[in-house]
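Here are my notes on the model, as numbered points. Please read them with the coordinates open.

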Amino acid sequence: MTQTKVPPTSSTTVKRFPHIHDDPATLPKSLDPFTITTSTGFLPFIMSPTKLPDAFKPLESLLERLPVEKLDGTPGLLATYELGPAVQELPDLTAEVDKLVTADGSPDLYAVTAVFRDYSFLASSYLLEPCWENWSKNPDKGYGLGRDVLPRAVACPMLDIPPFMSYAAAYSLFNYTLADPKKGLVYDNLRLVRAFEHGLNPKSSEAGFILTHIDMVKDSNGLISGALKVVDTIEQGGSRAEVNDGFREILSSMEKIEACMEGKQPSLYPTKPLTQPKTNSS
């Protein structure tokens with residue numbers, strides 16, 4: 001294949017996406033974690049934290065106890081339908097959200113996004129816990145109705161944000177960590193930070209569904225760099241060969257993403273019926 005010169009980034013691109021070619025490690029936490037770069041594509045430029053700032057330890061504790069199956073394999077609050085009462089112990093931390101700032105006084109969007117992730121997991125779990133209990137005890141009768149009011153301590157910190165779980169900023173792309181940082185973004189090395197049912201077990205179908213999305217998006221950087229090559233070359237009157245190189249880069253990235261999805265299909269479905277872990281009372 002003939003090597004073609006990569007066109008310099010156009011001023012239009014830099015104006016609209018000033019950090020597009022920056023090294024993610026140099027970007028401040030005051031930026032939206034989903035700031036797009038050619039290195040990270042549509043993944044956050046910085047991996048989500050597994051721990052919240054100290055002021056939010058009560059929230060973190062509740063989230064760690066929330067899943068049907070906790071990280072240590074024991075039953076959590078949703079396993080025994082005790083999340084509702086447990087939420088009442090949560091203090092109203094609304095004032096603490098405004099204190100999440102960087103050294104220069106700018107909002108720490110990295111920390112804010114992590115807090116949003118956890119509040120949205122808690123809100124969804126709290127509202128739908130009665131449906132989970134109804135279905136678990138008698139699936140033939142369906143889900144029934146969930147709760148229709150959020151406690152103040154859950155609702156108020158989310159006043160400036162729609163209180164719904166975001167696919168990117170909560171459920172999936174800002175909800176993973178690495179078992180071994182040295183191994184990088186290898187599928188078997190991915191782990192969830194938060195989960196509803198058995199997702200903290202990387203072999204579960206819940207983990208398989210979410211981690212497959214992360215595995216796919218990790219290869220999206222080629223979509224960004226390829227698209228830039230196409231747009232910038234055209235804008236600057238470059239050659240057709242350079243434009244074609246950009247399209248080839250996009251295609252290569254799409255093929256990698258497709259391979260990730262197709263290769264993980266078995267992990268997206270339960271290998272056995274959904275059941276609850278046994279408790280002392282069951």
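1. Start with a charge over a ring. The charged end of Arg147 sits over the ring of Tyr126, 4.4 Å from its centre. The criterion is NZ of Lys or CZ of Arg within 6 Å of the ring centre and within 35 degrees of the ring normal.

2. Some ground rules. This is a predicted model, in which local features need pLDDT of at least 70 and side-chain atom pairs count only at pLDDT 80 or more, while totals for chains, interfaces and linings use all residues. Residues are numbered from 1 along each chain as its sequence is written, and side-chain values use heavy atoms, with hydrogens and water left out.

3. Overall make-up. The protein has 10 helices and two strands. Helices here are DSSP runs of H or I with at least four residues, strands are runs of E with at least two, and both are numbered from the N terminus. Along the sequence the order is α-α-α-α-α-α-α-β-β-α-α-α. Of the 282 residues, 44% are buried. Buried means under 20% relative accessible area, exposed means over 50%, and partly exposed lies in between (1.4 Å probe, protein chains only). Contacts are heavy atoms within 4.5 Å. Among contacts with a separation of 6 or more, 67% join residues 24 or more positions apart.

4. Helix H5 deserves a look. It covers residues 109–137, and its 29 residues should span 42 Å at 1.5 Å a residue. The expected span is 1.5 Å times one less than the number of residues. The end C-alpha atoms are 41 Å apart, which agrees. Yet H5 has a kink of about 50 degrees at Leu128, shortly before the proline Pro130. The bend is the angle between axes fitted to the seven residues ending at a position and the seven starting there.

5. Aromatic pairs. The structure holds six. One of them joins Trp132 and Trp135, stacked at 6.2 Å centre to centre with 20 degrees between the planes. Rings of Phe, Tyr and Trp (its six-membered ring) pair if their centres lie within 6.5 Å; planes under 30 degrees apart are stacked, over 60 edge-to-face, and the rest tilted. Both tryptophans lie in helix H5, three residues apart, about one turn of the helix. Trp135 also stacks with Tyr143, at 6.4 Å centre to centre and 15 degrees between the planes. Trp132 is buried at 18%. Trp135 is partly exposed at 25%. Tyr143 is exposed at 53%. Elsewhere, ring pairs link Phe34, Tyr110 and Phe174 into a cluster.

6. Which residues does Thr40 contact, leaving aside neighbours within four places in sequence? They are Pro24, Phe45, Ser220 and Asn221. Thr40 lies in the loop between helix H1 (11–16) and helix H2 (57–65). Its relative accessible area is 15%, so Thr40 counts as buried.

7. Pro91 is another loop residue to check. It lies between helix H3 (83–87) and helix H4 (94–97). At 34% relative accessibility, Pro91 is partly exposed. Not counting residues up to four places away in sequence, Pro91 touches Pro58 and Ala153.

8. Last, the cysteines. How many disulfides are there? The count is zero, taking a disulfide as a pair of cysteine sulfur atoms within 2.5 Å. Cys156 is buried at 14% relative accessibility. Cys260 is buried too, at 9%.
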